[in-house]
Amino acid sequence: MHGSFSIFLHLIGFGFLCTGLLGGWIVERRIRKESDWGIKLTMLKASRALGLLTPVAAVIMLFTGIWNILNLYPTEPSLWLTQGWLVAKVILFAFLLVNGALFGPIISRKRAALIRTLHEGNASDEAEQTVRIFSKNLTTFYLVQTLLLLVILSLSVFGGGMTPGAS
Ligand code: HEM
């Protein structure tokens, strides 16, 4: 038996990322369908717990990705810059990180604050409409993150050279 420990951990990180993204999206859809503000608030807690998985996954992906590079080019690590698929992957990963660290959490936090005021009954007239707009923004956020992840995965599988059955 032989294999790469860095790829093993890289794929575990990928699993965490998929769980956070897919789980977050499923809970998000349930939150949108729920009409009771109190239940929405409780579900937001589950969504936040899933969301916390993604920064952990991102750190694992980054460190094991660098480890993969060191394994691929042990004598001259800077050679990774000559691999177009890898450079494109790292750039898209940076987009994924910025989007995931800023837009998602900011919109989510603002919406949670509004839902809390609606639940407590002291919300402004346009609060419900704003919650709907934030929810639409979050749908777009999940869509963009999923697309980025799929492109990164395609670059990894079709750009790299380890896939069994590759021709
Ligand atoms: C969302 C982020 C990422 C995903 C989904 C991902 C996915 C993958 C997958 C599935 C493989 C295995 C490919 C195969 O064996 O055919 C792989 C390999 C690799 N990844 Fe990543 N990765 C991500 C982030 C990164 C980052 C940030 C780096 C660099 C800093 C990186 C560097 C590498 C390298 C060097 C390999 C080895 C390629 C080879 O041996 O041919 N990855 N990645």
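Helix 1 and helix 2 (residues 37–51) pack with their axes 9 Å apart and at an angle of about 170 degrees, which makes helix 1 roughly antiparallel to helix 2. This is a predicted model, in which local features need pLDDT of at least 70, side-chain atom pairs count only at pLDDT 80 or more, and totals for chains, interfaces and linings use all residues. Residues are numbered from 1 along each chain as its sequence is written. The protein has six helices and zero strands, and its elements run α-α-α-α-α-α from the N terminus on.

**Terms for helices and packing**

- Helices (H or I, at least four residues) and strands (E, at least two) are DSSP runs, numbered from the N terminus.
- Axes are lines fitted to C-alpha atoms, for helices over the stretch in contact, and angles run from 0 to 180 degrees between N-to-C directions.
- Angles under 35 degrees count as roughly parallel, over 145 as roughly antiparallel, 65 to 115 as roughly perpendicular and the rest as oblique.

**Overall form**

- The C-alpha trace of the protein spans about 65 × 30 × 25 Å along its principal axes.
- The protein has a radius of gyration of 19 Å, whereas a compact globule of 167 residues would have one near 15 Å; the radius is taken over C-alpha atoms, and the globule rule is 2.2 Å times the number of residues to the power 0.38.
- Of the 167 residues in the protein, 16% are buried (a residue is buried if 20 or more other C-beta atoms lie within 10 Å of its own, exposed if 12 or fewer, and partly exposed in between, with C-beta atoms placed from the backbone).
- Among contacts between residues at least 6 apart in sequence, 73% join residues at least 24 apart; two residues are in contact if their C-beta atoms, placed from the backbone, lie within 7 Å.

**Helix 1 against helix 2**

- On the helix 1 side, the contact involves Gly 20, Gly 23, Gly 24, Val 27, Glu 28, Arg 30 and Ile 31, which meet Lys 40, Met 43, Leu 44, Ala 46, Ser 47, Leu 50 and Gly 51 in helix 2.
- By class, the residues of this contact of helix 1 with helix 2 are six nonpolar, five polar and three charged (Ala, Val, Leu, Ile, Met, Phe, Trp, Tyr, Cys and Pro count as nonpolar, Asp, Glu, Lys and Arg as charged, and the others, Gly among them, as polar).

**Helix 1 against helix 3**

- Helix 1 and helix 3 (residues 53–72) have axes 8 Å apart and pack at an angle of about 155 degrees, so that helix 1 is roughly antiparallel to helix 3.
- Helix 1 passes helix 3 in a left-handed crossing (a crossing is left-handed if the near helix is turned anticlockwise from the far one by less than a right angle, and right-handed if clockwise).
- Residues of helix 1 in this contact include Ile 7, His 10, Phe 14 and Leu 17, and those of helix 3 include Val 56, Ile 60, Met 61 and Trp 67.
- The contact of helix 1 with helix 3 comprises 13 nonpolar, ten polar and no charged residues.

**Helix 1 against helix 6**

- The axes of helix 1 (residues 5–33) and helix 6 (residues 127–159) lie 11 Å apart, at an angle of about 155 degrees; the two helices are therefore roughly antiparallel to each other.
- Helix 1 passes helix 6 in a left-handed crossing.
- Leu 17, Leu 21, Gly 24, Trp 25, Glu 28 and Arg 32 of helix 1 meet Ser 135, Leu 138, Tyr 142, Gln 145, Thr 146 and Leu 149 of helix 6.
- Six nonpolar, four polar and two charged residues form the contact of helix 1 with helix 6.

**Individual residues**

- Thr 139 lies in helix 6 and is partly exposed, with 14 other C-beta atoms within 10 Å.
- The C-alpha atoms of Thr 139 and Arg 29 are separated by 8.7 Å, although these residues are 110 apart along the chain.
- Thr 130 is also in helix 6 and counts as partly exposed, with 15 C-beta neighbours inside 10 Å.
- A C-alpha separation of 8.0 Å is found between Thr 130 and Arg 111, 19 residues apart along the chain.
- Ile 69, in helix 3, counts as partly exposed with 19 C-beta neighbours inside 10 Å.
- Leaving aside its neighbours within four places in sequence, Ile 69 is in contact with Pro 77 and Trp 80.
- Glu 76 is in the loop between helix 3 and helix 4 (84–101) and is exposed, with 8 other C-beta atoms within 10 Å.
- Glu 76 and Thr 42 are 51 Å apart in space, C-alpha to C-alpha, and 34 residues apart in sequence.
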